Amino acid sequence: MQNGVAIVTGSSSGVGAACARQFAELGAHVVINYSRNEDGALATQAACEALGAETLVIKADVSDDDQCKSLAAAAEERWGRIDALVNNAGTTKFVPHTDLDGLTRDDFLRVYAVNTVGPYMMTRAVVPAMQRGQRGSIVNVSSIAGVMGVGSSIAYAASKGALNTMTLSLARALGPHIRVNTICPGFIQGDWLRDGLGDEAYEVSKRRVEETSPLRVASSPDDIAAGVLYFITGADVITGETLIMDGGSHLATAGLTKR
């Protein structure tokens, strides 16, 4: 990735910010994207530039096709290439799965627009540049929710399951020069889950994962980012794969929790 160009959606915090920093450590130029958290995006930019990276910070909602196209165009205009895309931006509504009245039609459509349609549109936006360069790697940040039907809501789990399936279709469609893979984290330490669950439920979930998963670990954003970077930099013959990164929680159903 030395002097390569990476776009990371939703990179103002959490896994996205960790991916941006790890790209910067490898000498890549990084496009940092946010939709609301400008302060976080600027903090990510500062961290990347302290590592010597050139950066762009772009506000864009990945559920809007025109904004996806503009995001890709800005990267290519600045550096003349796009080598990697991390579809990390995501959203949810925290609703117990037993509360079928807790999700409206609009809730479902919004979650799908960001979590499934957004990655599709971002992928479509970067494909021309990747094809011109005859190389490219795309990683979708999904969730164990899309494999096990758990998570913050049924809408969220369904959207991530659709993202996993879409990865297979895109991997077939975009070879031989573009690879498409998926990472499925489990519990990730950080504000995203803490804010959604509340402090008490967050600590209970974290402790359950640490006590019941085979590896006795609750992943950090940097842990998940390392998996993303592996697919991009160390997996030249891998495409269409889904990698579960949850410390083995999916092997111990008592430890399943939300991302």
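Accessible areas here come from the Shrake-Rupley method with a 1.4 Å probe. On that basis, the accessible surface of the chain is about 11,100 Å². Carbon and sulfur atoms account for 50% of that surface. The model is predicted.

**Overall build**

The chain holds nine helices and seven strands. Its radius of gyration is 17 Å, close to the 18 Å that the globule rule gives for 259 residues, so the chain is as compact as a globular protein of that length. Along the principal axes, the C-alpha atoms fill a box of roughly 50 × 35 × 35 Å.

How much of the chain is buried? Of the 259 residues, 53% count as buried. Contacts also reach along the sequence. Take those between residues at least 6 apart in sequence: 75% of them join residues at least 24 apart.

Charge comes next. The chain carries 22 positive and 28 negative side chains. The centres of these two sets lie 4 Å apart.

**Backbone details**

Where does a cis peptide bond occur? One joins G175 and P176, with omega at about 10 degrees. P176 sits in the loop between helix 6 (154-174) and strand 6 (178-185).

For N3, phi is about 65 degrees. N3 belongs to the segment before strand 1 (5-8). With 42% relative accessibility, N3 counts as partly exposed. For R216, phi is about 55 degrees. R216 is found in the loop between helix 8 (199-212) and helix 9 (221-233).

**Cysteines**

A disulfide is a covalent bond between the sulfur atoms of two cysteines. How many disulfides does this chain have? The count comes to zero, where the cut-off for a pair of cysteine sulfur atoms is 2.5 Å. C68 is in no disulfide either: its nearest cysteine sulfur, that of C19, is 18 Å away. Both C19 and C68 are buried.

**Two places around strand 2**

H29 lies in strand 2, which covers residues 29-34. Is H29 buried or exposed? H29 is buried, with a relative accessible area of 11%. Which residues does H29 touch, leaving aside its neighbours within four places in sequence? They are N3, G4, V5, A6, E54 and W79. One of these contacts is N3, the residue with the positive phi of about 65 degrees.

S35 is in the loop between strand 2 and helix 2 (38-50). S35 counts as partly exposed, at 33% relative accessibility. Leaving aside neighbours within four places in sequence, S35 is in contact with K59 and A60. S35 and A89 are 54 residues apart in sequence, yet their C-alpha atoms are 9.0 Å apart in space.

**Accessibility side by side**

| Residue | Relative accessibility | Class |
|---|---|---|
| N3 | 42% | partly exposed |
| C19 | 0% | buried |
| H29 | 11% | buried |
| S35 | 33% | partly exposed |
| C68 | 1% | buried |

The cut-off explains the classes: buried means under 20% relative accessible area, exposed means over 50%, and partly exposed is in between. H29 is at 11%, so H29 falls in the buried class. S35 is at 33%, so S35 falls in the partly exposed class.

Conventions
Residues numbered from 1 in each chain as written. Predicted model: local features only at pLDDT ≥ 70, side-chain atom pairs only at ≥ 80, totals over all residues. Heavy atoms only, no water. Helix = DSSP H or I, 4+ residues; strand = E, 2+ residues; numbered from the N terminus. Rg over C-alpha atoms; globule rule 2.2 N^0.38 Å. Buried < 20%, exposed > 50% of the residue type's maximum accessible area, 1.4 Å probe, protein only. Contact = heavy atoms within 4.5 Å. Lys, Arg positive; Asp, Glu negative; His and termini not counted. Charge placed at Lys NZ, Arg CZ, Asp CG, Glu CD.
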